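Please look through the sequence and the model below before reading on.

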Amino acid sequence: MDTIASLFSFITTPVSWVIVQFHSVYGSIFGPDTGWAWGLSIVSLVILIRICLIPLFVKQIKATRAMQTLQPEMKKIQERYKNDKQRQSEEMMKLYKETGTNPLSSCLPILAQSPFFFALYHVLNSIASNDTIGVINERLLESAQKAHIFGAPLAAKFTDSPDKVEALNSSLTDVRVVTAIMIVLMSLSQFYTQRQLMTKNVDTTVKTPFMQQQKMLMYVFPVIFAVFGINFPVGVLVYWLTTNVWTMGQQMYVIHNNPTPGSKAQAAYLERLSKHVARHGKTRNRRERAIVKAIVTKGRDRNEYERKFINGLNKAGLAAQPDGTVIKSESSAAAQAEGGTTTTATAVPKRQQPKRQPKSKRHSGAAKPAGEPTSLTKTDAPQDEDAKPAASKGNAKPAGNGSTRSRAQSGQRKGPQRPKSPSKK
């Protein structure tokens, strides 16, 4: 551990200085030798570091989503060059370069936080060893050794011997109970954070090895924390537990307000956004406008939840614009009336079917009264009985209304027609 401490010695002094400044504030409230003063100083150190790392956290989110978008292409490359690992790596690097993504960007917050973690570990280890470090002098060292968090000294570990624990004015039982509870809470918070990411904020339409890897890490990380946690001082456990809780809350905020496209969290968010826009007829802020703009820009590439969102706006008589705003649509399918009933936006007159004439009228060919709609069945033309024998002869040409052609055009059969009543010979 001395080698690691020497590597991060450049940051040990700033970390100890920040802890001392917070201790002077909390010490005036709770007392300089209390566990509350030193414990809250470590918690404040975590909050300060995480606030400074927010830009890296935003970059991590963008990198993670870009990697999720590239998963189908990466899978194709792996299948195409599964027997040529070198060509596979070259194609992967080419894909990263073309899309401007970096796989290491998702690890930036952890990598940036590591120096502070090891510096704090070395500071607390020096307190347990009764050694001054950074700006912590002998007076502050004595005060830190007296500080207890729920009966456990700030610098005590789960694996410490009874003699070492007694030197810190505590009992082995108190140390192990407190450290065990903190290790369990630390592992559970890590598991819940990863599970929340996998169940709510992952595109469920894409099944890739990346998702399987994340699912495996959901179970591996808590085990790692539990194994290494027994070697962490109580102060470091406070630091890491605070970090996990901060990460969990930060991730819940991101999932609630800026979910991954295609995820269950996006479905819930778009449902809330649709209800608000339908109620007020507009988007609330720049973030909502940016989300609506992104959905409109996708066009036919929208996923199921985005298409449902656009259709919901149309049913409410609204239309999403390319700039992310929402306006009232005149061509929407329906608009909400005052009484709660839906009326069509563009009134189309209903087509009326013509009145069907009685069978006797159709056969008699009687004249239709003015204004009566035309029947669907064509009426027969009046027949001249004297013309019927002439029409039956092959040489005679039918003429007038009794012609075969006229009868065929009026819907009757071609050729001689059977008389309605027996004719006189």
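In which helix does H256 lie? H256 lies in helix α11, where helices (H or I, at least four residues) and strands (E, at least two) are DSSP runs, numbered from the N terminus. This is a predicted model, in which local features need pLDDT of at least 70 and side-chain atom pairs count only at pLDDT 80 or more, whereas totals for chains, interfaces and linings use all residues. Residues are numbered from 1 along each chain as its sequence is written, and side-chain values use heavy atoms, with hydrogens and water left out.

H256 counts as partly exposed because its relative accessibility is 43%; the scale calls a residue buried under 20% relative accessible area, exposed over 50% and partly exposed in between, with a 1.4 Å probe and protein chains only. Leaving aside neighbours within four places in sequence, H256 is in contact with Y269 and R272, where contact means heavy atoms within 4.5 Å. H256 and K200 are 56 residues apart in sequence, and their C-alpha atoms are 9.6 Å apart in space.

Q250 also has its place in helix α11, but Q250 is buried, because its relative accessible area is 13%. Not counting residues up to four places away in sequence, Q250 touches R50, I54 and F57. Helix α11 as a whole covers residues 234-257, and its 24 residues reach 35 Å from the first C-alpha to the last, close to the 34 Å expected at 1.5 Å a residue, where the expected span is 1.5 Å times one less than the number of residues. Because 17 of the 24 residues of α11 are buried, this helix is largely enclosed by the rest of the structure.

Helix α2 (residues 9-30) can be examined in the same manner. Its 22 residues should span 32 Å at 1.5 Å a residue, and its end C-alpha atoms are 30 Å apart, which agrees. The buried residues of α2 include I11, V15, V18 and H23, and after α2 comes G31, whose phi is positive, near 105 degrees.

F116 lies in helix α6 (residues 108-128), and F116 counts as partly exposed because its relative accessibility is 26%. F116 and L45 are 71 residues apart in sequence but 9.4 Å apart in space, C-alpha to C-alpha.

Turning to another helix, I224 is found in α10 (residues 209-229), and its relative accessibility of 37% is why I224 counts as partly exposed. Together with M216, V220, V223, V227 and F228, I224 forms a nonpolar patch on the surface, with about 530 Å² of accessible area.

What does the secondary structure of the protein chain come to? The secondary structure of the protein chain comes to 17 helices and 6 strands. Of the 425 residues of the protein chain, 37% count as buried. Among contacts with a separation of 6 or more, 59% are between residues 24 or more positions apart. The protein chain exposes about 26,200 Å², of which carbon and sulfur atoms supply 57%; accessible areas come from the Shrake-Rupley method with a 1.4 Å probe, and for residues only the protein chains shown count as cover.

How values were computed
Patch = residues over 30% accessible without salt bridge, like charges linked within 9 Å, V, L, I, M, F, W, Y side chains within 5 Å. Salt bridge = Lys/Arg side-chain N within 4 Å of Asp/Glu carboxyl O.
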